[in-house]
Amino acid sequence: MGKKGKREKKGKGAEKTAAKMEKKVSRRAKKEEEDLEALIAEFQSLDAKKTQVIETSCPPPSPRLNGSLSAHPERDELILFGGEYFNGQKTYLYNDLYIYNIRKNSWSKVEIPNPPPRRCAHQAAVVPTAGGQLWVFGGEFASPNGEQFYHYKDLWVLHLATKTWEQIKASGGPSGRSGHRMVACKRQLIIFGGFHESARDYIYYNDVYAFNLDSFTWSKLAPSGIGPAPRSGCQMATNSEGGIIIYGGYSKQRVKKDVDKGTLHTDMFLLKAEGAGKEEDKWAWSRLNPSGVKPTPRSGFSTAPCPSNRSLLFGGVQDEEEEESVEGDFFNDIYVYDIGKNRWFPAQLKGPKSEKKKRRRGRKPEAEGAEDEEMEKQHPQGPVEIVKEVVAEDGTVMTIKQVISGPAEEKERSESEEEAEDGALGQLVEPCPRSNAMLAVKHGLLYVYGGMFEVGDRQFTLSDLYSIDLHKMEEWKVLVEMDPKAQEWLEESESDEEDDDAEGAEGGEEESSEEESEDEGEEQHPSVQPDEQHSDYLSRTEHYWVKLARANMGPDAKEKKVVKVAHAMAKTFYEDSV
């Protein structure tokens with residue numbers, strides 16, 4: 001009784017603290033939001049001048065992140081709404097609506113009277129009702145200097161058949177927030193989490209709301225059991241029984257004055273209705289312990305449902321918070337969660353079939369063709385030991401020894417075969433590592449649009465568009481190209497330091513996709529198997545290289561630095577072996 005009573009009191013105390021914090025945030029935010037309401041009203045007055053629907057063909061949308069990309073339920077189209085862009089001095093918010101025609105690979109801009117105000121970090125969900133509806137909730141508006149925020153709590157629906165926006169006014173909904181997640185599930189919109197931020201305070205949420213798509217009413221769920229801690233930017237998916245799955249996310253808390261500590265969540269939960277999924281049903285949280293290879297900790301990842309009762313996660317960033325700066329490792333990998341089997345696994349690119357037939361000796365697709373030819377033609381005649389220095393990102397220098405045995409029995413290839421192979425290899429592309437991209441899946445194809453990455457103090461916002469067939473997983477296709485280096489940046493540049501950072505970013509694209517799962521190692525340097533991709537080799541031998549790096553760097557070295565050095569050593573050995 002005593003322990004239970006203490007737990008209950010502790011829980012009530014935490015609720016009171018959260019309630020006080022929310023009131024404190026609300027008071028300070030109210031003053032800021034009153035200032036921003038005037039700016040929002042000015043933008044809305046411009047939108048009010050639109051009296052008819054105008055749809056025009058246009059170039060691809062401008063660079064942005066934190067918008068929404070949704071698949072049309074009936075047509076071969078993707079719908080892009082909102083988002084933000086920062087050029088180093090000014091923040092831009094959008095409420096424009098773009099339609100991407102999948103078959104024609106073309107964009108059109110649709111101007112509709114009375115749209116939602118400009119926003120980013122909102123959520124959108126599509127339902128097939130009446131020719132298709134796009135529901136939008138929440139998000140934020142930022143002042144041009146990016147220091148003040150207005151968090152929306154409004155709900156909108158875009159009727160796709162008639163191309164009309166409608167604001168749904170219903171009481172009892174969630175408070176203003178951004179970074180929340182929303183899914184459509186059995187004639188309901190389910191909203192979880194998010195955060196509200198003012199200039200000095202912030203609060204993260206773990207509440208759950210349901211909006212009934214038939215009665216147009218809100219209800220706040222009160223699930224039993226222990227649920228996720230407050231967070232934003234998590235993965236939210238539905239299962240075939242109407243349950244809700246939550247994975248990961250980000251939150252921060254104040255550890256002392258002007259010092260915040262961020263948390264990358266990696267836990268997983270199931271929210272299940274104990275009934276037929278009706279509004280009056282009781283809901284319950286339970287903890288999930290999936291098998292397989294979970295994604296590495298990260299924030300800013302993007303998610304989408306995919307075929308065969310699965311949900312995928314793409315990209316993101318893992319920030320390394322130092323005392324005076326924050327540096328991030330960006331990702332461009334895909335992890336898939338099999339909902340039925342409760343299992344994670346990293347999605348591996350198989351490469352096009354025509355290329356498979358030509359790569360018989362384990363050549364690396366990303367490698368430079370000329371270097372590979374030289375290595376194949378100039379095999380040493382006997383065992384030779386090669387000593388090579390590896391410099392990790394933090395400047396740590398490691399020495400790696402490689403023993404190359406005698407040449408394998410190989411035939412010289414004709415020049416035409418070499419050219420054909422080099423052509424096939426040269427076509428392999430992939431999205432650069434990024435966070436806060438927009439994803440959509442249509443007909444089993446994943447589409448990735450925009451997002452951002454950072455190099456030093458500079459932010460690169462993207463407007464490229466890629467697709468990949470999730471059934472075949474052979475290769476990425478570039479639908480819209482972009483050169484991030486040509487992007488405007490108005491902040492004063494630190495030329496020398498930024499140039500160094502830029503070079504590091506170009507080399508880092510390959511490395512960020514290399515951080516795969518750990519597996520068994522061997523006592524000698526593990527050899528590269530025929531036709532083995534670099535990511536597969538690293539996945540198979542990472543444990544060995546980490547152990548080797550640890551032995552060289554000593555027990556006091558930080559784990560992150562050890563892993564970086566281990567990956568650099570494995571990469572060097574792999575490239576010298578193929």
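Modeller: The model itself is predicted.

Biologist: What percentage of the residues count as buried?

Modeller: Of 578 residues in the protein chain, 49% count as buried.

Biologist: How many helices and strands are there?

Modeller: The protein chain has seven helices and 30 strands. Where contacts join residues at least 6 apart in sequence, 59% of them link residues at least 24 apart.

Biologist: Turning to α7, what is its span from first C-alpha to last?

Modeller: Helix α7 covers residues 559-577 and reaches 27 Å, close to the 27 Å expected at 1.5 Å a residue.

Biologist: And which of the residues of α7 are buried?

Modeller: They include Val562, Val565, Ala566, Met569, Phe573 and Tyr574. Lys571 and Asp576 also belong to the buried set.

Biologist: On to aromatics: how many pairs does a search of the whole structure find?

Modeller: The search finds 27 aromatic pairs. In one of them, Tyr202 and Tyr204, the ring centres are 6.1 Å apart and the planes lie at 75°, so the pair is edge-to-face.

Biologist: Are Tyr202 and Tyr204 buried or exposed?

Modeller: Both are buried.

Biologist: Which residues do ring pairs link into a cluster?

Modeller: The cluster consists of Trp135, Phe137, Tyr209, Phe211, Phe216 and Trp218.

Biologist: Where does the charged end of Arg64 sit?

Modeller: It sits over the ring of Tyr94, 4.2 Å from the ring centre. The charged end of Arg177 sits over the ring of Tyr205, 4.1 Å from its centre.

Terms used. Residues numbered from 1 in each chain as written. Predicted model: local features only at pLDDT ≥ 70, side-chain atom pairs only at ≥ 80, totals over all residues. Heavy atoms only, no water. Helix = DSSP H or I, 4+ residues; strand = E, 2+ residues; numbered from the N terminus. Buried < 20%, exposed > 50% of the residue type's maximum accessible area, 1.4 Å probe, protein only. Contact = heavy atoms within 4.5 Å. Expected span 1.5 Å × (residues − 1). Phe/Tyr/Trp six-rings, centres within 6.5 Å; stacked < 30°, edge-to-face > 60°. Lys NZ or Arg CZ within 6 Å of the ring centre and 35° of its normal.
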